[in-house]
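Take a walk through this model, from a pocket to a strand and on to another pocket.

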Amino acid sequence: MKRFFAFLASALIFLSAFSISAAEKEWHFYIKRGEAHAPPSTDPSFLPIFGDHCFYLDNKAAASGEKKLYLTFDAGYENGNISKILDILKEENVPGAFFVLSHLIKSELSLLNRMNDEGHLVCNHTARHKNMAQLNKDEFFSELSALETIYTEQTGNELSKFYRPPEGTFSGENLRWANEMGYKTVFWSLAYKDWNDEVAPSREKAIEILKKNTHPGAVILLHPTTSLNAEILREMINYWRAEGYSFGSLDMIG
């Protein structure tokens, strides 16, 4: 019996150490694409620290096969494409979630007002796009709260309580801290190299990637700074609808 309790104590110490290590470790979110139109998997090490306040797809839709999609955009600056994307979303009556930085709020206030007025979610991508996993708690809180303050002062509105870590870099502590601030952390289950025109694939290849990897419950990440996304968005919306998909808002996931 003494041996059993000694073993149990050792196991608890190990699990506690693992939990602390996992929380403090710097992680880089990624997905593993499977068969066409199937939800992707991610690193199983992520899942124990995600909890119910972090997601990368709509789990219920993915499990049931419900054809629901969520369009999300990481928007750092405007080069003519955000306004085009907003035009398309309005004309097609599709909701979106825009994860923004302080630069965009300060330089393109009219676009931020459009996002809110036209029914989109305006969400937190941090004030300065730092590696959040390398910040302490006070610095982490400051990055998110600074963006909240700038947005409210400039627009009179409040940010939607969704947070996306810059470049998908995070720690377990980050997820917990975001939750303490009332945020859900949102990653993605469908994306491609589109953060600028230099790395983006051809139009044909981008459409191929998006079509092949569309799946029930997909949280789709697009960068509106790429002209390609503005060019193909309407075509993709029409394709998704023809395939039986509808478009949801992130605040429907839960």
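H3 (residues 59–64) gives the most to the lining of the second largest pocket: three residues. Helices (H or I, at least four residues) and strands (E, at least two) are DSSP runs, numbered from the N terminus. Helix H2 (47–50), strand E4 (54–55) and E5 each supply at least two lining residues as well. A pocket is an open set of points on a 1 Å grid over the protein atoms alone, where a 1.4 Å probe fits, with protein on both sides within 12 Å along at least five of seven lines; lining residues have an atom within 4 Å of a point. This pocket holds about 310 Å³, the space filled by probe spheres set on the points, which are joined across faces, edges and corners. Its lining has 19 residues, with Cys 54 and Ile 253 among the closest to the centre.

The model is predicted: local features need pLDDT of at least 70, side-chain atom pairs 80 or more, while totals for chains, interfaces and linings use all residues. Residues are numbered from 1 along each chain as its sequence is written, and side-chain values use heavy atoms, without hydrogens and water.

Now follow E5 (residues 68–75). Strands E5 and E6 are parallel, paired over five bridges (a pair needs at least two DSSP bridges). Asp 74 stands opposite Phe 99 in E6. Five of the five residues of E6 (96–100) are buried, so the strand is largely enclosed by the rest of the structure. Buried means under 20% relative accessible area with a 1.4 Å probe, protein chains only.

Definitions and conventions: Buried means under 20% relative accessible area, exposed over 50%, partly exposed in between (1.4 Å probe, protein chains only).
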